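Notes follow in the order I took them.

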Amino acid sequence: MTSSPNLTFNDGNAIPQLGYGVWQVEDNVAEKVVRQAFEAGYRHIDTAKIYGNEAGVGRAIASSGLSREELFITTKLWNSDQGFDSTLKAFDESLDRLGLETLDLYLIHWLQPKQDKFVDTWKALIELQKQGKVKSIGVSNFTVEGLQRIIEETGVVPAINQIELHPFFNQAELRSFGAANGILTQAWSPLGQGGELLGDPAIAQIAAKHGATPAQVVIAWHLAIGNVVIPKSVTESRIQENFAALNVTLDEADIAAINDLDRGAEGRIGPNPAVSDFA
Ligand SMILES: NC(=O)c1ccc[n+]([C@@H]2O[C@H](COP(=O)([O-])OP(=O)(O)OC[C@H]3O[C@@H](n4cnc5c(N)ncnc54)[C@H](OP(=O)(O)O)[C@@H]3O)[C@@H](O)[C@H]2O)c1
């Protein structure tokens with residue numbers, strides 16, 4: 001069976017480059033679809049406390065028959081839990097829901113600049129990693145300024161920054177800051193949430209050339225430019241289709257044509273982390 005290549009973090013640990021995301025998956029559906037993802041070949045699962053499905057993901061892990069060492073599990077700290085002590089507590093609760101003894105990757109879900117607790121929160125993640133409860137630590141929805149601040153104040157560089165990233169919003173600045181500073185970039189909503197992007201004529205043309213689907217071409221682009229990528233689907237055929245994107249190899253011209261689809265800030269679908277502030 002095909003397996004995802006790994007990328008290596010600045011702490012020496014490895015992450016499967018293609019994973020499976022479970023935002024907007026009900027807890028009672030999560031067990032079934034995560035099992036389908038394991039059967040398709042995924043070993044890396046991306047959840048979060050706020051998704052309300054850590055327990056369902058945990059049930060899928062427990063019943064999978066796969067060993068813990070084969071799996072890479074990420075969850076995220078929700079905004080209302082930011083702060084040093086509250087982070088330590090929220091982490092233990094997430095781990096309990098997942099039914100795990102250690103986590104592979106813990107992320108601060110949003111920067112929340114107005115709340116301004118992200119430095120203390122980052123210090124708690126550093127502590128959790130020191131205690132061996134989590135192998136790698138990172139952030140999500142951080143700006144260059146937010147990354148600089150946690151690095152300057154703690155000396156610890158996050159392993160990864162998980163951000164909105166797809167061909168209409170390709171985040172060149174954050175990707176190059178990450179590359180220059182040893183921070184991997186992980187793409188959320190990598191398929192543009194399955195909307196207009198998958199009907200784009202340039203994507204369709206490249207898909208026809210490779211005998212692939214539009215979603216496979218978009219995932220292959222993420223892999224080619226070095227992103228960690230976590231497409232979501234609750235449809236078994238798409239779960240399999242997306243994993244099979246590992247077999248699609250784009251050429252330089254394809255990659256350049258997809259890079260040209262960037263719309264800058266207009267391409268953004270979700271909230272802007274530099275200003276978003278929600279509990
Ligand atoms: N850190 C953050 O703040 C943050 C924010 C958003 C997302 N995320 C993470 O990123 C993951 C992925 O992002 P996302 O869920 O927003 O969007 P996405 O993966 O870009 O797109 C998911 C949508 O595309 C559809 N789809 C999937 N595969 C398809 C295919 N092969 N052909 C056609 N349509 C397809 C899905 O439909 P069906 O499910 O109906 O098949 C679903 O509607 C999330 O699940 C989550 O883990 C993180």
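Elements first: I take helices (H or I, at least four residues) and strands (E, at least two) as DSSP runs, numbered from the N terminus. This is a predicted model, where local features need pLDDT of at least 70, side-chain atom pairs count only at pLDDT 80 or more, and totals for chains, interfaces and linings use all residues. Residues are numbered from 1 along each chain as its sequence is written, and side-chain values use heavy atoms, with hydrogens and water left out.

**Pockets**

On a 1 Å grid over the protein atoms alone, a pocket is an open set of points where a 1.4 Å probe fits, with protein on both sides within 12 Å along at least five of seven lines; lining residues have an atom within 4 Å of a point. Points are joined across faces, edges and corners, and the volume is the space filled by probe spheres set on them.

I looked up the second largest pocket and got about 320 Å³. It has 22 lining residues, with F169, Q171, E173, L174 and R268 nearest its centre. Which elements give two or more residues to that lining? They are α5 (144-154), β8 (160-164) and α6 (172-181). α6 gives the most, with 3 residues. By class I noted 11 nonpolar, 6 polar and 5 charged (Ala, Val, Leu, Ile, Met, Phe, Trp, Tyr, Cys and Pro count as nonpolar, Asp, Glu, Lys and Arg as charged, the others, Gly among them, as polar).

The largest pocket has a volume of about 700 Å³. W23, Q24, S189, Q193 and K232 are the closest to its centre among 34 lining residues. Helix α9 (236-243) gives the most to this lining, again 3 residues. The classes here are 17 nonpolar, 13 polar and 4 charged.

**Helix pairs**

Axes are lines fitted to C-alpha atoms, for helices over the stretch in contact, with angles from 0 to 180 degrees between N-to-C directions.

α1 (27-40) and α2 (54-62) have axes that come within 7 Å and cross at roughly 40°. I therefore logged α1 and α2 as oblique (under 35 degrees is roughly parallel, over 145 roughly antiparallel, 65 to 115 roughly perpendicular, the rest oblique). On contacts (heavy atoms within 4.5 Å), α1 residues including V34, R35 and F38 meet α2 residues including V57, R59 and I61. That contact splits into 7 nonpolar, 2 polar and 5 charged residues.

α7 (201-210) and α10 (252-259) pack at about 160°, axes 10 Å apart. α7 and α10 are therefore roughly antiparallel. I203, I206, K209 and H210 of α7 make the contact with D254, A257 and I258 of α10.
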